Amino acid sequence: MRAETAEAFALTALGWLISDEDLLGTFMGSTGCDAEALRQGAANPEFLASVLDFLSMDDAWVLRCSEATGLAPEDFLVARHALPGGAQTQWT
């Protein structure tokens, strides 16, 4: 997945996250971000990566987001790998 596609994917996921008040509260509480940080973060690939990291912590969140947005659940990690800090580590 190209970085631009991954950013669009993550923006869609962020839009869904913002619409879910309970989960948004969990995200904001665990990251320490506020409403202004959310607005600014929408233009920041590193922040968008953190949204995908957060949602990927729970399969149920991925599935809920996927169902509501039409995003393929298997693409969450693919998109994450295309964003900053997502490259797979080579241990050899």
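Modeller: Before we start on this predicted model: rings of Phe, Tyr and Trp pair if their centres lie within 6.5 Å, with the six-membered ring used for Trp.

Colleague: OK, which residues do ring pairs link into a cluster?

Modeller: Phe 27, Phe 47, Phe 54 and Trp 61. The structure holds 4 aromatic pairs.

Colleague: What's the geometry of Phe 27 and Phe 47?

Modeller: Edge-to-face, because planes over 60 degrees apart count that way and theirs are at 80°. The ring centres are 6.0 Å apart.

Colleague: And where do those two sit in the chain?

Modeller: Phe 27 is in helix H2 and Phe 47 in helix H4, which covers residues 45–55. They're 20 residues apart, so the pair links distant parts of the chain.

Colleague: Buried or exposed, Phe 27 and Phe 47?

Modeller: Both are buried.

Colleague: How about Phe 54 and Trp 61, what kind of pair is that?

Modeller: A stacked one, with 25° between the planes and 4.8 Å centre to centre. Phe 54 is buried at 4% relative accessible area, and Trp 61 counts as buried too, at 15%.

Colleague: Switching to helices: what's the angle between H1 and H2?

Modeller: About 105°, with the axes 5 Å apart. That makes H1 roughly perpendicular to H2. H1 runs over residues 3–19 and H2 over 21–31.

Colleague: Which residues meet there?

Modeller: From H1, Trp 16, Leu 17, Ile 18 and Ser 19; from H2, Glu 21, Leu 23, Leu 24 and Phe 27. By class, the contact has 6 nonpolar, 1 polar and 1 charged residues. Phe 27 also belongs to the ring cluster.

Technical notes. Residues numbered from 1 in each chain as written. Predicted model: local features only at pLDDT ≥ 70, side-chain atom pairs only at ≥ 80, totals over all residues. Heavy atoms only, no water. Axes fitted to C-alpha atoms, helices over the stretch in contact; angles between N-to-C directions. Helix = DSSP H or I, 4+ residues; strand = E, 2+ residues; numbered from the N terminus. Parallel < 35°, antiparallel > 145°, perpendicular 65-115°, else oblique. Contact = heavy atoms within 4.5 Å. Nonpolar A, V, L, I, M, F, W, Y, C, P; charged D, E, K, R; others polar. Phe/Tyr/Trp six-rings, centres within 6.5 Å; stacked < 30°, edge-to-face > 60°. Buried < 20%, exposed > 50% of the residue type's maximum accessible area, 1.4 Å probe, protein only.
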